[in-house]
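Morning, everyone. Please have the model open.

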Amino acid sequence: MLLKLCNKKRFDFMGFSTVIMPENYIAMFEVPDKVQASSIIKKALPQILAIGERIKQRQFLHVEKVSIYSRFISRFINPLFYITSVSAKGFYVTNACVGCKKCVDLCPLNNIKMEGNKPSWSGNCTHCMACICACPKEAIEYKNKSKGKPRYYNTGYLQS
Ligand code: SF4
Ligand code: SF4
């Protein structure tokens, strides 16, 4: 799929690598607390630096073997999930919001606007979870899935 995408975009396909990073999909899964997230990132760091070095040297990464199950998920289940489940409809803001606009600034798709000093979501969401996980007041929730869960957003983890 990546090879096809690169061809379509007229990019040179240079392989890929997978890196295990902390889960941030709070809309469905458990998210690690800060200590767990730090430990996962520290473990991944040598691999990330090695990948960065290869990219810097313009070297091919490698093409990992992808199981039939993973191919099936990527090709059929993920697109279906995206169409049926990925939208901003489940987000809402609580009284803990202080109107700082951080969620607005972080949304990569400009999908959030302030209305009456509170965020309001439009229809162009990719479920990156930046808004809900980076809110300094944990004032955003998603349906009944996120309440009480820690939020993971990668800022300053490597320093801690
Ligand atoms: S980041 Fe949180 S506190 Fe700031 S405006 Fe958005 S919801 Fe409110
Ligand atoms: S989940 Fe990501 S894309 Fe969707 S509204 Fe929040 S920041 Fe924007």
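I start with Glu 53, which forms a salt bridge with Lys 56, the closest N and O atoms lying 3.7 Å apart. By salt bridge I mean a side-chain nitrogen of Lys or Arg within 4 Å of a carboxyl oxygen of Asp or Glu. Because Glu 53 and Lys 56 are 3 residues apart in helix H2, about one helical turn separates them. Glu 53 counts as partly exposed at 37% relative accessibility, and Lys 56 counts as exposed at 63%. Buried here is under 20% relative accessible area, exposed is over 50%, and partly exposed is in between, with a 1.4 Å probe and protein chains only.

Before going on, a word on the source. This is a predicted model, where local features need pLDDT of at least 70 and side-chain atom pairs count only at pLDDT 80 or more, while totals for chains, interfaces and linings use all residues. Residues are numbered from 1 along each chain as its sequence is written, chains are lettered from A and ligands numbered from 1 in the order in which they are written, and side-chain values use heavy atoms, leaving out hydrogens and water.

The structure holds 2 salt bridges. Which residue pairs with Glu 141? Arg 151 does, with the closest N and O atoms 3.2 Å apart. This pair links distant parts of the chain, 10 residues apart: Glu 141 is in strand S4 (residues 140-142), and Arg 151 is in the segment after S4. Glu 141 is buried at 8% relative accessibility, and Arg 151 is buried at 10%.

Now the surface. Met 14, Phe 60 and Val 63 make a nonpolar patch of about 250 Å². Patch residues have over 30% relative accessible area and no salt bridge; nonpolar side chains (Val, Leu, Ile, Met, Phe, Trp, Tyr) are joined within 5 Å, like charges within 9 Å. Met 14 is found in the loop between helix H1 (2-9) and helix H2 (34-56), and is partly exposed at 35%. A patch of positive charge gathers Lys 4, Lys 65, Arg 71 and Arg 75. Of these, Arg 71 is in helix H3 (residues 68-85) and is exposed at 52%.

Last, the whole chain. Its secondary structure comes to 5 helices and 4 strands, taken as DSSP runs: helices (H or I) of at least four residues, strands (E) of at least two, numbered from the N terminus. Of its 160 residues, 29% count as buried. The C-alpha trace spans about 50 × 40 × 30 Å along its principal axes.

How values were computed:
Areas by Shrake-Rupley, 256 points an atom, 1.4 Å probe, with all protein chains shown as cover. Lys, Arg positive; Asp, Glu negative; His and termini not counted. Charge placed at Lys NZ, Arg CZ, Asp CG, Glu CD.
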